[in-house]
Amino acid sequence: MRTSEPPLNGETIIFTGTPRATDVFSLVEEYGGTPVSLPLIQVAELVESTDQLRLEACATYDWLIFTSQSAVAAFKEKLERFNVSVETIPSHIAAIGSRTAAALEKLGFTVEFIPTVFSADVFVKQFQPAENEARRLLFLRGSIAGPTIREELPFEVDEWTIYKTERVTDNAGKLVQLLKETEKTSVLFASPSAVEVFAEEVVPVVGWKGYTIGAIGHITEKALEKVGANVHVRPNTYTLKDLVDKLASRKDV
């Protein structure tokens, strides 16, 4: 039965990913919940001596492929360090995710392709550029990106690793404490990397029960199921905003 209370009233919502989309914290508060950011991973630009040469070579590629906001942020750092303007890069731009596309357009790029589902396995099925546009592709990737784009696209794909993802275990104790002491809690996962740290550092103490589990997409959902979790919430559109909306709609009954 619907009540006048906001759907997440009294609920603590824990975000385990990198805190990029802080507007979702305000959304949680609008729904009556309390957002808590306890990242289990962190990302940082990967700086190499070859960066300037590789950056200048971007203009020679027909397509640049970005799969995360972290990749865009690292690319922006390199553009600024070497004073390179996006106007000097005529390549077509592909992005996975509306947030990734928005970050690219904020830099000045025009994003020409976004898959309908924000994941690499769907990207490789839907990305079908004209034959004369797909001679050279460059995937701007993170250090733990899987091989899907390189191996499953029917084109030759070069890769440039421009940021690294590292584990953050300092927040595991705070997570354990919250899950032990707070009755109405949801834990939201945005990547398999965060799932891995949670499974190793938190689950041995608190298990997988007693709280709501949300996954941003089917890849993260599979990672959770693989380590024994039951995923309660997964949005149709793979953004944190949609995950929070889905969580609120689930509670609003």
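## A salt-bridge network around Glu45

Glu45, Asp51, Lys78 and Arg81 are tied together in a network of salt bridges; a salt bridge here is a side-chain nitrogen of Lys or Arg within 4 Å of a carboxyl oxygen of Asp or Glu. This is a predicted model, where local features need pLDDT of at least 70 and side-chain atom pairs count only at pLDDT 80 or more, while totals for chains, interfaces and linings use all residues. Residues are numbered from 1 along each chain as its sequence is written, and side-chain values use heavy atoms, with hydrogens and water left out.

Start with Glu45 and Lys78, whose side chains meet at 2.9 Å, N to O. That pair links distant parts of the chain: Glu45 belongs to strand β3 (residues 41-45) and Lys78 to helix α3 (residues 69-81), 33 residues apart. Helices (H or I, at least four residues) and strands (E, at least two) are DSSP runs, numbered from the N terminus. Lys78 counts as buried because its relative accessibility is 0%; buried means under 20% relative accessible area, exposed means over 50%, and partly exposed is in between (1.4 Å probe, protein chains only).

Glu45 also forms a salt bridge with Arg81, with the closest N and O atoms 2.7 Å apart.

## Salt bridges elsewhere

Searching the whole structure turns up 16 salt bridges. One of them joins the side chains of Arg150 and Glu159, at 3.2 Å from N to O. Arg150 is partly exposed, with a relative accessible area of 34%, and Glu159 is partly exposed too, at 21%.

## The six-stranded sheet

Now for the sheet: it is open, has 6 strands in the order β3-β8-β7-β4-β5-β6, and its pairing is mixed. Two strands pair if DSSP finds at least two bridges between them. β3 and β6 (111-113) stand at the edges with a single partner strand each, so one side of each has no neighbour in the sheet. From one strand to the next, the twist averages 35°.

Ile93 has Val111 in β6 as its bridge partner.

## Helices on the sheet

Helix α3 lies across β3, β4 (63-66), β7 (137-142) and β8 (157-167), running at about 105° to β8. Helix α8 (residues 192-201) packs on the sheet as well, touching β3 and β8, and its direction makes about 30° with that of β8. Contact means heavy atoms within 4.5 Å. Axes are lines fitted to C-alpha atoms, for helices over the stretch in contact, and angles run from 0 to 180 degrees between N-to-C directions.

## Two domains

The chain divides into domain 1 (12-40 + 168-249) and domain 2 (44-166), with bounds from an automatic or database domain assignment. Their centres, taken over C-alpha atoms, are 27 Å apart.

Across the boundary, 13 residues of domain 1 are in contact with 12 residues of domain 2. About 880 Å² is buried between the domains, with carbon and sulfur atoms giving 55% of that; buried area is the accessible area (1.4 Å probe) that two parts lose on being put together, summed over both. The count between domain 1 and domain 2 is 1 salt bridge.
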